[in-house]
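Please open the model in your viewer and keep the selection tool at hand. The stops below say what to select next and what is to be found there.

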Amino acid sequence: VVSGVLTLGAEVICARVPGLTAKQREMCRSSPDAMVAVGDGVRLATSECRHQFKFHRWNCTAISNPTSFGHVVIVGVVAGSREAAFTYAISSAGVAYALAAACAKGNISSCGCAPGPKVKEPAPSGWKWAGCSVDVGFAMRFARKFLDARELEGDERSLMNLHNNKAGRKAIKLNLSTECKCHGVSGSCTMKTCWKALPPFREIGDKLMKKYYRARPVALSQITTHVTRATKPKKHLVLKKGKIPIKRTPKKSDLVFLQTSPNYCERDLAAGSLGTIGRACNRTSRGIDGCDLMCCGRGYNTHQYTKTTQCRCQFVWCCSVNCDTCSERTEEYTCK
Amino acid sequence: MCCSHATGSCKSICEKISLVDIAADAKLRNQTVQEVQKFCSPQLNNFWECLNTSFEEMSRGESWFGRVCCPLPQSENCRRACVTANSIYDLSQGCRKSDEISFFNCLDRQYVGYECCSNARSPNCKEACLEIFKSRLTPTRLQRNMVLEQCEYDSPKVLGCVKNFIKVTPATNLHKHMKCCEKSNKNKCREACKEILSLNNTLQETMDGLQIGGCGFPLFQDQFWQCFMKPVDSINTVEISRIDRVGMDSAKWHCCSRASTNECRKLCSKTFLKDWSTLWDDFHLKCLSQVAQEELRNCIDEVDEPCELGCDGLSFCTNFNNRPTELFRSCTPEADDAARNDVTLWQTRHELTLPGLTLPLKNISKCSPNTWKAVACTLQIKPCSRVSHANQICRNVCLNILSDCVDWSRVPVKHSPETICAMLSPEDPAVSCISLESFLAPSGNTYESIDGQVSSPCKGDPCKESEICTVNKNCLPGKHCSPYKCTPGCKLGEVSEYLVPEGTYVRIPLPNNQNRCLKICKCTSNGIDECQPLPCVLLGSCWNNERRHGEIFHLECNKCTCYAGEMICSKKQCENSLLGGRNTAYTTLPCNCPPHFVPVCGRNGNIYPSACLAKCAGLSDSDIEYGACQDPCRNNPCAIGKKCVPDTKICLSLKHKPCTQFQCINGTANCGSLPKEPVCDVDNKEYANSCFLAHNNRKFAYQGPCLQGCAYLGEVCGINGKTYISECAAIADYVSVDYVGPCVTVGAITDSKTIQCPTIKCKPLPRADCLGFTPPGACCPICGGSLRLLYSTKQIDRALYVLQTQNTQSLTLKATLQALERQIQVAQCSLKGYLTVEVDIFVVVQSTEKRPTALQLEACVREAEKIASLINRQSPRVQSEISLSSLVTASVVHTVHSSATITSSSFLLILLAMTFLLGIELP
């Protein structure tokens, strides 16, 4: 405890946030303004993950944990599974996204607009790179330093998490949108200034979902460098074909996982599955959100109830709104 | 775990067992066993075996220090491993460190406690010690005192290692965080927060209170805790990031007051201060593209694309070529191409796209093709109107072209040429607009061969992104040198492209500001830095609201303006006054001072032709020294060991004290480490700074680099009434030569271009019919664009108050003239000026050529008009720099007339006035 710190601020709070490694605490103390953005990023990732998996058996309830900071939670996700891969990637992407957005708003002391020369691509004629391009570089560096500081072991789980973190950050970098402002009144927009901006986070979520469907299984491999016998064999991940590891390394932007996921039908907390008892399902759908697949053949309960809503609302001058109440009988289906 | 061996009700009760709870409490364990026995038959051997082994392991490891951490792990496996563990090594199977960071942090803390407490000599002390470490929260006062009591006498080592854990910090000013209480979404937390923050306990107790009181552990995602992480000082003084310090575009921010609606004003301010990334689209749509916001749009265009003289070299918009004395915003090849594309687009698509509307066109290659081409070129190249620099096309043009060439049969009835032109063109025909007539045909210029006569070397910005282009004045034609110089500069904002050179003092708005308050900053090699807040200015009215801020009017013959509650007028002496009628003692000089030439030197560094005129200008007796501002070093004002080198300047405000006119150079100073401020000696040799000149024992001639193309020997009299040792010295001081030889007289002040002193022989004008003026107080007329500028001393005083005694170079006349000269883009024109006896600044833009052509003279006149327009419209270029921000109005005074302008209508009075004037001139 440092004496002389008299305000209820970053120093004290950083010391008390549960689930931070020493290095993360150090970063917290030195850049409290960036930590606020990190928190926003985690919130963003949480809601996006829930949105993307809303109609799947595993619905990403695992990602937010009120007793510890950290996106990885064992309850509700099988360690080393595809879902864990997505969880790490979306969290990493969310944090990088929020940091870049905070920079552009001037909320972080060590960054602002991307420092020039603005963009490496040459501008087509009539265009000019100007304006405030997001400082993706800063965001990615900070996100990497902070989130990767969690991985202490260096085993295959760590390597997988680091790889997926990177895939998440890359998803941000590769999907920046170009915004332009036209010059001139004629409306033909032949002269404009352009800059790189962040797309809506939903786009990033969608891209990462695609990567989720195409995630690759990997295994740990040790290579011995031929140079000297003194160098330790370096661990890294290689792709698997079936059960056999092959000599190819996975692409940096792909998601990787170590073990196949369970079907998430039955509740098995030790294995990490919450099961689908009590989940809402769609009777008429034939997809994964349909009652057949969602309930894993166990059947579903139908719950009939009267839904009351406000309808036929009218604006009365001045200034209130009068509504009627409509009620209708609807049904809700939940898995057994 | 063992539950997999059981089924049915036995299984469900098994699953309900909380391992962690029964591991901590032996009694509970027995209770649980009894419960389980009720539901589970003794036949289930595997089940009972498993359960017993678990219980054994649990009791074995009961005294392990890590047991208290067992509720923490996230995973079930790890929890199980914890409750049956005896030491840390038993955990390696079930627990992974990266996944269980809080758990391992807890174990570390317990280990420290275990080590520490094992030093205790008495069991009481040991127990009190362990109590301290058990809880994750701060030890309470009770626990702290227990330890102190029990361990004081016999276990000092324990006290030593426990000290860190029981240290608490008193908290101050917790009420400042009160607003964070509202951010929580839990009622319980909100209440607890308000209560605890008003108590002002120690920091640790406060945190504990908040955590237990319902706010949970501090997490970054929680907006409640985020609020505490943010700095809590008052909004105006906290500047977190570069964007806060310098703003997004502080030059364009000055335009925000021109918006005609409150909404646009606020949106503009927010966009340019901080929120550009999120608001620019909105701002563009709601404000910039609306016709009603023409003033705002014009002002913003001023920053990126100021109106500059001359257009040539275009391949499509050829009617715009050969116009060296007209103003355009973007006469560039890109704009030319864009115009060509526009016309092609209209021809092929047969439609005209306007904001929010698409009009179908007839075949425009048949319907006034010339006019359409002129419209496209005007929209891209943007010619400026002469005085107000406006860009809109006149309404009559709009009406004509739309009525003729739009296919009205396909347009919905509600639109007509009138309604559409009302959106695009100014309603009031008196507002200056661009009539296309002059662009429908090639330029009617009659100047003979323009090439090389007038050039703008900085056109097209040849310098790198962070460098500013200035015209190289010291490059004479024919010599081998670059016509422009690139010097490092600072951007006035993260997205701004407007640069100021290093060393300039600028005005930047404060972030989050309601009252348009500003601060002074300096452009250093690290960007905009060293900022200090200026006193806020209310743009109030004068004279009990009779005159609004910015209003220009005349009081008798004097031009006046109201600026932020300050009434600023020129101090011209009027011939007729409302009260007294014609003034019989009228001498044309202020205060009707007699035209005697007995020069005095003011404390502000300015020379006045007589003490009467100095006092009329506001100086008191103590501010005046007799004698014409001679060598400031003549009285050896420096201490022993230091050499005096002149450093003359004219301080624009009388509050600027002292206005030292010299520098004391230390004989042992390291000249190379001092800033580069070149000076020239009497032998026309240049030194990097005054220090080098002093160390080499040379005689100082003038500040600035040694100039070429002027005489460096032979006294001359400047238009400001000061005698200079050479023409070059006068030019280095931004002063034109009035006549050769020392100054001997003061000339009468009129509005014309006449020779005012009968005894002086003036140089002949390059062209007798040129536009020009006789500077007030000088004898000879000069050709060139002439302006009289009024400035606000209060503005200067505000800056003085902040800058104190250091770095007040920016508040001198020379700094103002330098800043104005930077606005001149034509290489063949230069700017000169001085502080007149009528307390205004006379500025003249003259041609640098010995025998200027008509075109060159005209170009310089237009440059002067351009500067007048910048000042009168309070352009952001003027408002951003400290040296220019005190200028309030400019009057264009150059004239062709060589005879006195007639103010009164009676011929007799003219005769009388003339005889009177002539009468005074007699020696």
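Into which domains is chain B divided? The bounds, which come from an automatic or database domain assignment, are domain 1 (2–166), domain 2 (174–229), domain 3 (244–302) and domain 4 (307–439). If you select domain 1 and domain 4 of chain B together, you will find their C-alpha centres 83 Å apart.

Two notes belong here before the next selection. This is a predicted model, in which local features need pLDDT of at least 70 and side-chain atom pairs count only at pLDDT 80 or more, while totals for chains, interfaces and linings use all residues. Residues are numbered from 1 along each chain as its sequence is written, and chains are lettered from A and ligands numbered from 1 in the order in which they are written.

Colour chain A by pLDDT, the predictor's confidence in each residue, from 0 to 100: the mean is 81, and 82% of the residues of chain A reach 70 or more. Over residues 1–5 of chain A the pLDDT is below 50, and this stretch has eight contacts beyond near neighbours in sequence, a contact being two residues whose C-beta atoms, placed from the backbone, lie within 7 Å. Where pLDDT is low, the predicted coordinates should not be read in detail.

Next, select residues 123–134 of chain B, which form helix α7 (helices are DSSP runs of H or I, at least four residues, numbered from the N terminus). Its 12 residues reach 16 Å from first C-alpha to last, close to the 16 Å expected at 1.5 Å a residue, where the expected span is 1.5 Å times one less than the number of residues. B:C125, B:A128, B:C129, B:I132 and B:F133 are buried, that is, 20 or more other C-beta atoms, placed from the backbone, lie within 10 Å of their own. Seen down the axis of α7(B), these buried residues fall within an arc of 140 degrees, so they line one face of the helix; the arc is that of the directions from the helix axis to the C-beta atoms.

Move on to helix α11 (residues 203–215) of chain B, whose 13 residues have end C-alpha atoms only 16 Å apart, short of the 18 Å that a straight helix would reach. Its buried residues, including B:L203, B:M207 and B:C215, pack against α1 (10–16) of chain A together with α10 (187–197) and α12 (223–229) of chain B. Just after α11(B), B:G216 takes a positive phi of about 75 degrees.

Finally, select A:Y97, which touches A:G41, A:L44, A:I172, A:L198, A:F201 and A:I204, not counting residues up to four places away in sequence.

Definitions and conventions. Helices (H or I, at least four residues) and strands (E, at least two) are DSSP runs, numbered from the N terminus. A residue is buried if 20 or more other C-beta atoms lie within 10 Å of its own, exposed if 12 or fewer, and partly exposed in between; C-beta atoms are placed from the backbone.
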